[in-house]
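Subject: Handover of a structure for your review

Dear colleague,

A summary of the findings follows it.

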Amino acid sequence: MVTLEKNIKSVKDKLPSEDIIVFEFDSLSGKRFAAIYADGIADKQLLGELVAKPLRAAKSDEKLEDIKKLLASPEVKDGGKIEDAVKEISDGNAVLFVDEEKEFFIIGLKNPPGRTVAEPPTQVAIKGPREGFTEDIKTNLGLVRKRLKSEKLHVKTLKSGKQSDTSVAIIYIEGVCPEGLPERIEREIASKQIDIVPDSSYISQFISKKPRSLFKRNGTAEKPDVFCAKISEGRVGIIVDGSPIALTVPYMIVEDFQTVEDYYQVSYRSTVLRILRLVSLVIGVFLPAFYVSAQLFKIQLIPYRLLLKISSSVSGLALSPSVEMFLTLFLLEVLIEASIRMPKYVGLAMSVVGALVLGDTAVQAGIISTPAIIIIAFSAICLFTTPDLVETTTTLRWVYLIIGGSLGPFGVVLFTAFLICYLVSEQTYGVPLFAPFAPLIKSDLHDSMVKANMYSLKTRPEVFKAKNKVRVKNK
């Protein structure tokens, strides 16, 4: 016969922390119970209302099956091993032990601290839903179920992280998602052993075939409407407990030129904005390198009147064009990093004052020229039109600047050709990164850089090879 004290000691030996609370109580008939939970992540009020209150009112010695019927909680499971009890308590649930019984009950009372559903700061929309994902996986799954009420929506939950035991949900629509893709992703996540998974970026590296690549291999979404739209096209969605950023696989580069509002406004306006983002990205990456390489190697590339203005600005400078541009870009990166890390209002003031004071002083001192400041500032603004690609494009800007300053326009063209060949040959889970342009898929061009109206998007993207290809039916 297993006593209540023995069960409590077995749990406390494995969880000796002071925030693991043992709540002992008796029924009217004298039956003894003990509920063990982690303070701060379990709901103590529900424990009292749904567990302790009905059991205390029991007047006779109930059997284990009858005790389970008295529990008013909708989430009650049977448990047998102490290891299972330890795992559930750490996860936020409560474990109920009964005196003289080896088995116990696992009661779903998880209530970790978290923030309410709000609009995400990085995907602000003037038109469309305002809801964004939070750090709680159950809340996020509820936001997805709110929009996708289909019986074909499947959710697979697994654990990752030896110490954190983080919940990871793989979400897809049966018949729409490519066959075998969810299982492949599940195997990739399960095969990686790591102590802690605090964010979805860890899972992103797990499922990336080339995690060291400069170009990302997974799409991201902070809004449930965007997430649901992506998985309804044939992708697999991944939600990680503790992260407000969901992942989508497979990924295509063209996704990052599309925003939330593209689907909530007229199609021609969306098309113009997507092309504008592409042009801005090209300008942001190439402009500093073009300026330096033209000054050093091919001065004829600069229009004559503009050249006269630049010549008057750079005359008397102590630095070469390459060093000048490097210094200006370095100052910009320092200001951006400092403004992000500082408190909100202090960072805003510091970035404005720092840019004005440093820029004006450096020009007056003859260290850098006015054209260099204008080019770097305009380049930074252009890159932020596609925020999901900022990490990649910022690095590429540095690389192009080095090549432009050392090899000139020829080096810039040569590296661009190499980069295009590399991107065309790359793919994620069978989907080319440059799709639908390379290879060319005409039917998928309706929602690429050009946004067609809803009636033109009758079929799902062919690149995902979904069984159910029909998306819009006009009856």
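This is a predicted model: local features need pLDDT of at least 70, side-chain atom pairs count only at pLDDT 80 or more; totals for chains, interfaces and linings use all residues.

Residues are numbered from 1 along each chain as its sequence is written, and side-chain values use heavy atoms, with hydrogens and water left out.

Nonpolar core

A nonpolar core here is a set of buried Ala, Val, Leu, Ile, Met, Phe, Trp, Tyr and Cys residues joined through side-chain atoms within 4.5 Å. Buried means under 20% relative accessible area, exposed over 50%, and partly exposed in between (1.4 Å probe, protein chains only). The largest such core has 25 residues, of which M252, L396, Y400, L419 and V463 touch the most other members. Helices α9 (267-296), α14 (390-406) and α15 (409-425) each supply at least two of its residues, and α15 gives the largest share, four residues. Helices (H or I, at least four residues) and strands (E, at least two) are DSSP runs, numbered from the N terminus. Not counting residues up to four places away in sequence, L419 touches F215, L396 and Y400, where contact means heavy atoms within 4.5 Å.

Residue I376

I376 lies in helix α13 (residues 370-383) and is buried, at a relative accessible area of 2%. Leaving out residues up to four places away in sequence, I376 is in contact with P288, M325, T328, L329, L332 and R397.

Hairpin

Strands β1 (residues 20-26) and β2 (residues 32-38) pair in the antiparallel sense over seven bridges; pairing requires that DSSP finds at least two bridges between two strands. I20 stands opposite A38 in β2. Five residues separate the two strands of this hairpin, and G30 in the turn has a positive phi of about 95°.

Surface patch

L319, V323, L327, F330, V334 and I367 form a nonpolar patch on the surface, with about 460 Å² of accessible area together. Patches are made of residues with over 30% relative accessible area and no salt bridge, with like charges joined within 9 Å and nonpolar side chains (Val, Leu, Ile, Met, Phe, Trp, Tyr) within 5 Å. Accessible areas come from the Shrake-Rupley method with a 1.4 Å probe, and for residues only the protein chains shown count as cover. V323, in helix α11 (residues 321-341), is partly exposed at 43% relative accessible area.

Salt bridges

A salt bridge is a side-chain nitrogen of Lys or Arg within 4 Å of a carboxyl oxygen of Asp or Glu. By this rule the count comes to 28 salt bridges. One of them joins E426 and R217 (3.0 Å, N to O). This pair links distant parts of the chain, 209 residues apart: E426 is in the loop between α15 and β11 (427-428), and R217 in the loop between α7 (200-207) and β8 (219-221). E426 is buried at 8% relative accessible area, as is R217 at 5%.

R397 and E333 also meet in a salt bridge (3.1 Å, N to O), which links helix α14 to helix α11 across 64 residues. R397 counts as buried at 2% relative accessibility, whereas E333 is partly exposed at 22%. Salt bridges that share partners join K230, E233, R235, E255 and R471 into one network.

Yours sincerely
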